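Visitor: I am new to reading protein models, and I would like to be walked through one slowly.
Guide: Then let us look at the model together and take your questions in turn.

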Amino acid sequence: MIFNLFKSKKSWQHKDSNVRIGAINDELTNNNSEDKAVLLSLLHDDDNELVRRAVLLKLNSLEHYLNESVVNNNKNVRAFAKAQVQDILSGKHNIILSTKEKQDFLSKVIESTKTNQELGVDSSVLSQWLDHENEPCLVVSLFEILVHNKNTAQFLLQTFTKKQSAEIQKHLMSLELNELNDVSLLTKLSKKAINDEVVQVINTRLSQLIEEKEKPIRVLKQKQLILSKLLALKDQSDYAHYLTNKSVLVEAWEQDNSDITCLPKEEQEILLNKFNKIMGQLTQIFAPKEEAYQQAKIAEKLLNEKNSAKERFNKTIAQLNEKITAAVFDGSLEGATSDKQGDNNTEEKFLITLDTLNDNITASVLNNKEQNEFLQKSEQLRVRLTQLPEIAQSVSEATYLISNISQLTLPESLNELNERQQTYNDWLSNYKAVNKKAHGVLPQSITESYKEITQSWQNGLRPLQQEQKKLFEQTKKKLIDLKRLLLRGKYKVCFGLFKGVNQAITLLSIQQQQQLQRDFDNVSKRMAEISDWEHYIATPRKQELLVEINALVTTPLDDPNAQANKVKQYRKTWNSLGHADEDIDKELNEQFNLACEQAFAPCRLFYAEQEKMRAQHLVTRNEIITQAQDLAEMLQPENTDSTTVDFKAIDGKLNKLQQRWQQAGEVDREQYQKLFKQFKNIIQPIKNAIKAFHDANSNKKQALIVEAEQQLANEDTYQAIENVKKLQAQWREISFAGAHQESKLWQKFRAINDQVFAKRDQAKSEQKSELAQVAEAFNKTLIDIKVSLNDVADDSKENSIEKNTIINAKTQAEELLSQVIANKPVIKSVASEIEVFIKQLNKKIEHIIAEEEKESWQSLFIMLEKVAKSEIMAENLISLPEYQALTSFWQKRLSDLCLTTEQADPNERAEKTLELEILAQVESPDELASQRMAVQVKLIQEQMQSSGIIDLNKRLIDWLALGKLNASDVELLIRLKKVFV
């Protein structure tokens, strides 16, 4: 029976835990409800930890792991279950949860947190889950749960850094966290952002924070600037400009009025009060000008009405004038001469229109003078209506004149100019007479034809008139020259000059001929007389010239060339004299020709000597050709290495050879041509080699120019300058590029260099401009500080500014100075101005402190005198204004003094008083002179023994500490007051 009992016992009930574990793994299942009940019983009641773990692993569900991590009574099992939960949530378990399941689970966690239920998931589990989770919505939810129990800024930075996902990072940035308003934290997050999109989100938030921080300062400055501009309108003299500027400023003030709420209420009230005050002042100042402005507007309106009326009347008169012009052709207004009823009606309408026009003119805003002018024009139209037949006749005559002139062609030369210009002038006079007769009512077609014809003739005549004017000036000058030459006896020249004047004067206009007629008649008369004298003049002059050349034959000149030139000069003069008397003219010519031959004979000997010299020059040129041949052989490839050729030396030698060739002297022309061709053929290869060398150098320098041009596109100006300097060094290493190319290449290279350096100068100029803008901004800030200080001074009822206000201004100025110094390069002028301003503020502060100290001492001695006179008690001190004005230190000393009952030694107190007066160098009463001397000697001895600093405040404290103040001490207090006040 007992055997059967033990045999029926289940394996999961076995005493051996290993057997139970085996049964759990092999026999029991989750699907059977009875087995599951057994498993749960083992999980909660079994005394072995491993058995319970085996059950958990058998059940293997998040629900059981989660539940047992809370309710299981075994600590280790709870820890094991919790570890399983962590592995499941972290994705390290064989149980894989979907995103939806994780979201549902997280919702339960959040709900349990709200209801304070124990779900078995603490912050450590959630933290580990967060470390391994990559789903954005889950990460953000976990972060929101965990952030409440952590250092938010540090936790946010850690999470943001670990989760390198743009979506997660953007979700984190969208959370409502106070820490996201920290600029330093946002800066750190920006460095950890995964991409530019996240950086942009962070930068946007940073910009918002900076804007919120700077907005009050900016709004305050804007409002203060508007107030300053409004206040400056006081000096505006033009009321219209004042109204325009005022409306703009008021609109700007009201436009940004919503932004003023970012300022403290106190500053808002100050700004609004200032605005209302300034507006009141402006209204009061410009009240007298408003009336004048309105009057000016009325005057302007009246002027506009007048101009409008004038324009309307002129238009009506022009239209009526056109009707009269049209009537000239169809006779529609000739009511007085026509039997047609329609024409009578047209004329009546025209007269009615004139009457209406007169009424409108009379009723207009025009003054009497202006009305009369228009009424006169209207009356002229009325009169013109009666002159239509005469006007029609004028139109016919004008048409005839236009037709005639149209058939006349423009002159093409000065010979045609005078005749046709006179014809045109006569036509112009006739047309003007006809136009006057027509009373200015010629048709538009005739008027336009007239303008076209006059324009054409003026343009056509102008070049010929200018040419004729120029000829007039030349003829006038020739006549002046003729008169001058006639006076000087230069008759030969006068004949040719007078011939030209005769030809030119006929081409001048009648008016121009009349201007020159008198001089022309005088010169013509004189030239007629000279023509008769020609033979009379030439005969003696030729005889004289024959004597002179015979003298040259007998006494030749030393210089053969000069002798030959002299003979040529005599021959030229002889030919210019004209004819002598007919009976001796032939004989004189033969004698002169013979003398010329004899005078030229020595020159022929000289030229024979020149032939010998040409032979010597021929030898010299052959030597030069030989030397050129030697130089050419130096450039042969077999004789030299092209890389070692000194082309500069060869070029110099070639230039010397060419120079010697030029200076070698004359040879026979035929021989010279042969030698020159030979010399040219020899030096041409040398020139070609030198040119090739120069071209190679030119190409190298051209390449450097291209590189230099590339530097113009280099955005780094200073690097470009360094590169250009290197190119300049390379340029100097390259040899000469030829006379034609060297200068051009250098000019081009230098121009590019100049452009590169100009970019640096421009950059410096731009930097200077930027510095000027920065300086202007700093100066504006300084002005704002000064203006705010002045505003406080203006609003203050006292003459002095409160110390706190000045200290605040000084702090702002010092901050501004720090900004100026931090800005590189430092703008010294602005820094100096701020330093001067700070020094001024320091002086003001020192002055205020001195005044406060003086007032404090006065209050102290007033209180001491009252205490000495027993006018106040210790309990009444706090109610006195003098007591309130004292520092806490002196309030304490005064309170202690009122409570003191110990009497002071009068002699000691009097001696201490003398000590204070001596140390402060204040006079003592005359009767105490001897006592003062004794005390002074004593003090000197003390100071010799001690090098301590004299502290008058401490000595006053010691003076008060001697004992209670009495009425007898009032006199001493009065003396001490002089020491400290």
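Visitor: Which residues have the most contacts inside the largest nonpolar core?
Guide: This is a predicted model, in which local features need pLDDT of at least 70 and side-chain atom pairs count only at pLDDT 80 or more, while totals for chains, interfaces and linings use all residues. Residues are numbered from 1 along each chain as its sequence is written, and side-chain values use heavy atoms, with hydrogens and water left out. A nonpolar core is a set of buried Ala, Val, Leu, Ile, Met, Phe, Trp, Tyr and Cys residues joined through side-chain atoms within 4.5 Å, where buried means under 20% relative accessible area, exposed over 50% and partly exposed in between, with a 1.4 Å probe and protein chains only. The largest such core has 34 residues, and those with the most contacts inside it are Ile402, Tyr424, Trp427, Tyr431, Leu479, Leu482 and Val523.

Visitor: Which helix gives the most to this core?
Guide: Helices are DSSP runs of H or I with at least four residues, and strands are runs of E with at least two, numbered from the N terminus. Helices H18, H19, H20, H21 and H22 each supply at least two residues of the core. With 12 residues, the helix that gives the most is H20.

Visitor: How are H31 and H33 oriented to each other?
Guide: Axes are lines fitted to C-alpha atoms, for helices over the stretch in contact, and angles run from 0 to 180 degrees between N-to-C directions. Helix H31 (residues 828–868) and helix H33 (residues 888–899) pack at about 10 degrees, with axes 11 Å apart. Angles under 35 degrees count as roughly parallel, over 145 as roughly antiparallel, 65 to 115 as roughly perpendicular and the rest as oblique, and H31 and H33 are therefore roughly parallel.

Visitor: Is Asp558 buried or exposed?
Guide: Asp558 is found in the loop between helix H23 (534–554) and helix H24 (560–576). Its relative accessible area is 81%, so Asp558 is exposed.

Visitor: How many contacts does the model have for residues 332–342, beyond four places in sequence?
Guide: The predictor's confidence in each residue is its pLDDT, from 0 to 100, and the protein chain averages 75. Over residues 332–342 the pLDDT stays under 50, and where pLDDT is low, the predicted coordinates should not be read in detail. Contact means heavy atoms within 4.5 Å, and for this stretch the number of contacts beyond four places in sequence is 20.
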